[in-house]
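Visitor: Could you take me in for a close look at a single part of this protein? I'm new to this, so please keep it friendly.

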Amino acid sequence: MTLGIEDGAFTLEGRRTFLLGISYYGALGAPGDCVERDLQDFTRLGFNWVRVWATWGAFEPVSAVTLEGEPREPYLSRLQALCRLAERTGLAVDVTLSRGNGAVGVNLRAEQAAHLRAVRTVTEVLRPFRHLYFDLANEHNIRDRRHVSFEELRGLRDEVKALDSERLVTASHAGDIPPEELGRYVNEAGLDFVAPHRPRHPGSPGETEAATREYRRALEELSSAAPVHYQEPFRRGFGEWQPRADDFLADLRGALAGGAAGWCLHNGHQCDRPDGRPRRSFDMSRSEGRLLQQLDEEERQVLQQAGTVVAAGGSGR
């Protein structure tokens, strides 16, 4: 299975495909049988990609690389196994890296040399798999230890392309990308698509269609066919606003109507609880259970309905 890009859309096996995904961050800490059952259920419900972190450290350190970016077992092998299973199940994979914010564990040094080694490690190991892309630096624009400059992004991108010229890469942005910075992603950093993490407030779902159309217009002015991919929208458990199923589905419809190339059912731990439970994709160790068992009723409604929304909205732009 091969993931590609065509005129602002993703393709799977050469067919334009809207990527409908789900956050699956801590999957490298999940038992293999649980992962297999989750992936089968995602496919059955119409989902076609998952977002997995190669440097995850919340609650349980399951990073596939060391602090220096070298291979770390058994998690690097688990990443390979997950990608193999996802391919067999019919799911594309987002493999995300981050230097971390220090609040939920540090799994990669906040320096370019270690980051380059980590990129090299995962690129070489995952080269056989054509159904995945890399988010080289999650929310790279935040000015803490996660921060990765555009110059550094270009270095990370070039490292990947030197080893695997056809691998798709991005770097996600916290919040809407300012118009004056959009060109830096596609021209200066040379990324294949943009991944803005839209704001998390009650009005956000109603803004997504217009925001997406503006991204598409601005990219066309830059003579770029880069897709707009919503790999991490709002989620439950994050702040005072607790989005309902209708909010998620409205956001998805807005993404489709505006011409986005993909959207994710984002999920994570409860920030207002000392133990963070349910932790959802942030902790899928055997003690916490499968992701589908940790989702609440609102999220399960989205899981049941999102595939139908995408089918009604079309498969591309």
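Guide: Let's zoom in on one arginine, then glance at two other spots for comparison. Keep in mind that this is a predicted model.

Our arginine is Arg167, and you'll find Arg167 in the loop between helix H4 (150–163) and strand E8 (168–170). Is Arg167 buried or exposed? Its relative accessibility is 1%, so Arg167 counts as buried, given that buried means under 20%.

Now follow the side chain. It reaches the backbone oxygen of Leu126 at 3.0 Å. A polar atom of that Arg167 side chain also lies 2.7 Å from the backbone oxygen of Phe129. Leu126 and Phe129 are also among the residues in contact with Arg167, once you set aside neighbours within four places in sequence. That list also includes Tyr133, Phe134, Val160 and Asp192.

Next, hop over to Glu68, which sits in the loop between strand E5 (49–53) and helix H2 (75–89). Glu68 has 28% relative accessibility, so it counts as partly exposed. Leaving out neighbours within four places in sequence, Glu68 is in contact with Arg109, Glu111, Ala114 and Arg117. Take Arg117: it is 49 residues from Glu68 in sequence, yet their C-alpha atoms are 7.1 Å apart in space.

Last stop: an open sheet of three strands, in the order E1-E2-E3 with antiparallel pairing. Strand E1 (3–6) and strand E3 (15–17) are the edge strands, each pairing on one side only. Four bridges join E1 to strand E2 (residues 9–12), and Glu6 stands opposite Ala9 in E2.

Methods: Residues numbered from 1 in each chain as written. Predicted model: local features only at pLDDT ≥ 70, side-chain atom pairs only at ≥ 80, totals over all residues. Heavy atoms only, no water. Buried < 20%, exposed > 50% of the residue type's maximum accessible area, 1.4 Å probe, protein only. Contact = heavy atoms within 4.5 Å. Polar contact = N/O pair within 3.5 Å; in protein donor to acceptor, adjacent residues only side chain to side chain. Pairing = 2+ DSSP bridges.
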